[in-house]
Amino acid sequence: EKQKEKINEKEKLFIITDIAKNFFVKQLYESDFGNNIAKSYLIERGFSDSIIKRFDVGCLTNSINDLKNFLIDKKYKIDDLHSLGLVSLNTNYDVYKSRIIFPIKTISGRTAGFGARTLKSNYKSAKYINSPESIIYNKSKILYGLYNSKNEIVKRDNCYIVEGYTDVLRFHQKDIKNVVSSSGTALTPEQIRLIRRLTSNIVVLFDGDAAGLRAAIRGVDLILEQGMNVKICSFPEGEDPDSFAKSHTEEEIKSYLKTEGKDFIEFKTDILLK
């Protein structure tokens, strides 16, 4: 009985996140905020409509209760909206208002959570907010982009790991589709095991700053513990995978990844020598 209840509970939450995802996508195309602000931002950043659609990127307008009212009208309970992090427990307003929203999907394509980027220029609020942990979203066991990239990871027998959502979108747009993101958290053994089911080769791509470097080295040790082959590729100072890929052709990116991807021993030696 208990097991059954848990499955039903999970199923209900997956249904809510899926409805929310579709609502966000609709807002991007049908609201003034979506068309004039959110979509303009994405297009300005150089993302094509087909990539935006492929990853179900959406948005929420600056009105405070659009999503909440929509879901409550559909008879979903406010407690579930709180536990999924869609509606704030303190204010009872939509958590993602005025943001661009990236659905985070399971390997089978179900929406487990969201990452949302603010479009307000005054950073009183966090630039990115992610769904809280829930019975369907455990951030140490999920990788952004895995659903869209899994076939290509198997085909290429290789997986690139980046940090951000837009890094994944940009690589896909440049036709490099074997890429996943740890969504801004440090890599975990569970995430690495997810990749290991598809390939034993990983290339960690990271921003050319000190914090990126530390995170990459931590990730490498974990990947080696899982018995996988790992290379590390850093980008020039001030560049991240998104900005680098945006200003280079597919051929240039591939050749950079090939020549700059270093075996971890070589990489650590380089760093220690510096």
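Visitor: Which residue stands opposite Ile 202 in E7?
Guide: Cys 159 does. Keep in mind that this is a predicted model.

Visitor: In what sense do E5 and E7 pair, and over how many bridges?
Guide: They pair in the parallel sense, over three bridges. E7 covers residues 201–206.

Visitor: What's the strand order in that open sheet?
Guide: It runs E6-E5-E7-E8-E9, five strands with mixed pairing.

Visitor: Which strands stand at the edges?
Guide: E6 (179–181) and E9 (262–263). Each has a single partner strand, so one side of each has no neighbour in the sheet.

Visitor: Which strands does helix H7 lie across?
Guide: H7, residues 165–173, lies across E5, E6 and E7. It runs at about 170° to E6. Helix H9 (210–225) packs on the sheet too, touching E7 and E8.

Visitor: New topic. Where is Asn 158?
Guide: Asn 158 sits in the loop between helix H6 and strand E5.

Visitor: Is Asn 158 buried or exposed?
Guide: Buried, because its relative accessibility is 16% and the cut-off is under 20%.

Visitor: What does Asn 158 touch?
Guide: Leaving out residues up to four places away in sequence, its contacts include Ile 153, Asn 178 and Ile 202.

Visitor: Now H1 and H4. At what angle do they cross?
Guide: Roughly 130°, with their axes coming within 11 Å. They are therefore oblique to each other. The crossing is right-handed.

Visitor: Which residues meet there?
Guide: Among them are Phe 23 and Phe 24 in H1, and Leu 67 and Phe 70 in H4. By class, the contact has eight nonpolar, one polar and one charged residues.

Technical notes
Residues are numbered from 1 along each chain as its sequence is written. This is a predicted model: local features need pLDDT of at least 70, side-chain atom pairs count only at pLDDT 80 or more; totals for chains, interfaces and linings use all residues. Side-chain values use heavy atoms; hydrogens and water are left out. Helices (H or I, at least four residues) and strands (E, at least two) are DSSP runs, numbered from the N terminus. Buried means under 20% relative accessible area, exposed over 50%, partly exposed in between (1.4 Å probe, protein chains only). Contact means heavy atoms within 4.5 Å. Axes are lines fitted to C-alpha atoms, for helices over the stretch in contact, and angles run from 0 to 180 degrees between N-to-C directions. Angles under 35 degrees count as roughly parallel, over 145 as roughly antiparallel, 65 to 115 as roughly perpendicular and the rest as oblique. A crossing is left-handed if the near helix is turned anticlockwise from the far one by less than a right angle, and right-handed if clockwise. Ala, Val, Leu, Ile, Met, Phe, Trp, Tyr, Cys and Pro count as nonpolar, Asp, Glu, Lys and Arg as charged, and the others, Gly among them, as polar. Two strands pair if DSSP finds at least two bridges between them.
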